[in-house]
Amino acid sequence: MHETRIRIRWRDMDAYGHVNNGVYLTYLEECRDAWAQALLGAADGGWDFVLAHIGIDYRNQLTQADGEILVRCRLASFGRSSVRTREEIVKADGAIAAEAEAVVVPRDPDADRSRPLTQRERELLQAELDRDVRER
């Protein structure tokens with residue numbers, strides 16, 4: 001599991017005094033990108049991917065008074081050409097602000113299209129799943 005701490009910024013607020021729902025997606029993206037680069041970018045210095053799907057359940061509002069949040073991302077599963085993650089935003093008091101599931105697909109930057117996972121990527125992903133099982 002990858003964790004990223006993010007300070008809530010004044011610009012994240014909407015007219016109702018809470019973090020705008022779209023900003024939750026930015027928080028999740030920051031953590032997901034860091035997770036993907038840490039795990040899969042290590043294989044060749046970078047990992048190109050695109051977001052294919054995201055589903056989010058909003059559980060608790062965030063306000064600027066919450067200060068800092070913890071965003072978590074972990075591998076849920078992978079297929080021939082996609083990677084599914086589970087993500088959450090946690091308030092300082094431990095309350096879940098949002099839960100999400102994302103699907104990302106590797107991208108061939110030269111062809112500007114998706115591509116299957118390489119054998120090395122599959123090995124790294126499987127090792128991550130195995131590590132997660134052992135740690136639970």
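Y58 is partly exposed, with a relative accessible area of 38%, and its ring pairs with that of Y24 in this predicted model. Y24, by contrast, is buried, at a relative accessible area of 3%.

**Aromatic pairs**

- The count of aromatic pairs comes to two. One of them joins Y24 and Y58 edge-to-face, with 5.0 Å from centre to centre and 75° between the planes.
- Where do the two tyrosines sit along the chain? Y24 belongs to helix α1 (residues 21–39) and Y58 to strand β2 (residues 49–58), so their pairing ties together parts that are 34 residues apart in sequence.

**Helix α3**

- Helix α3 covers residues 119–135, which is 17 residues.
- Which residues of α3 are buried? They are E121, L124, L125, E128, L129 and D132. These residues cover an arc of only 140° around the axis, which puts them on the same side of α3.
- On the other side of α3, you will find Q119, V133 and R134 exposed.

**Cysteines**

- How many disulfides does the structure hold? The number is zero.
- C31 is in no disulfide, and the nearest cysteine sulfur, that of C73, is 5.3 Å away. A disulfide would need the two sulfur atoms within 2.5 Å, so the 5.3 Å between C73 and C31 is too far for a bond.
- Are these two cysteines buried or exposed? C31 is buried, with a relative accessible area of 0%, and C73 is buried as well, at 1%.

**Salt bridges**

- Side chains of opposite charge can pair when their charged atoms come close. In this model, the count of salt bridges comes to 16, and a few of them are picked out here.
- E87 and R32 form a salt bridge whose closest N and O atoms are 2.7 Å apart. E87 is in strand β4 (residues 83–90) and R32 in helix α1, so to speak of the pair is to speak of a link between distant parts of the chain, 55 residues apart. Both E87 and R32 are buried.
- D66 and K91 also meet through their side chains, at 3.7 Å from N to O. K91 counts as buried, at 16% relative accessibility, because the cut-off for buried is under 20%.
- R74 and D132 make another salt bridge, again given as 3.7 Å from N to O. R74 is in strand β3 and D132 in helix α3, so this contact ties together parts that are 58 residues apart in sequence.
- How accessible are R74 and D132? R74 counts as buried at 18% relative accessibility, and D132 is buried with a relative accessible area of 15%. D132 is also one of the buried residues listed for α3.
- Salt bridges that share partners join E3, R72 and E88 into one network.

Key:
Residues are numbered from 1 along each chain as its sequence is written. This is a predicted model: local features need pLDDT of at least 70, side-chain atom pairs count only at pLDDT 80 or more; totals for chains, interfaces and linings use all residues. Side-chain values use heavy atoms; hydrogens and water are left out. Rings of Phe, Tyr and Trp (its six-membered ring) pair if their centres lie within 6.5 Å; planes under 30 degrees apart count as stacked, over 60 as edge-to-face and the rest as tilted. Helices (H or I, at least four residues) and strands (E, at least two) are DSSP runs, numbered from the N terminus. Buried means under 20% relative accessible area, exposed over 50%, partly exposed in between (1.4 Å probe, protein chains only). The expected span of a helix is 1.5 Å times one less than its number of residues. The arc is that of the directions from the helix axis to the C-beta atoms. A salt bridge is a side-chain nitrogen of Lys or Arg within 4 Å of a carboxyl oxygen of Asp or Glu.
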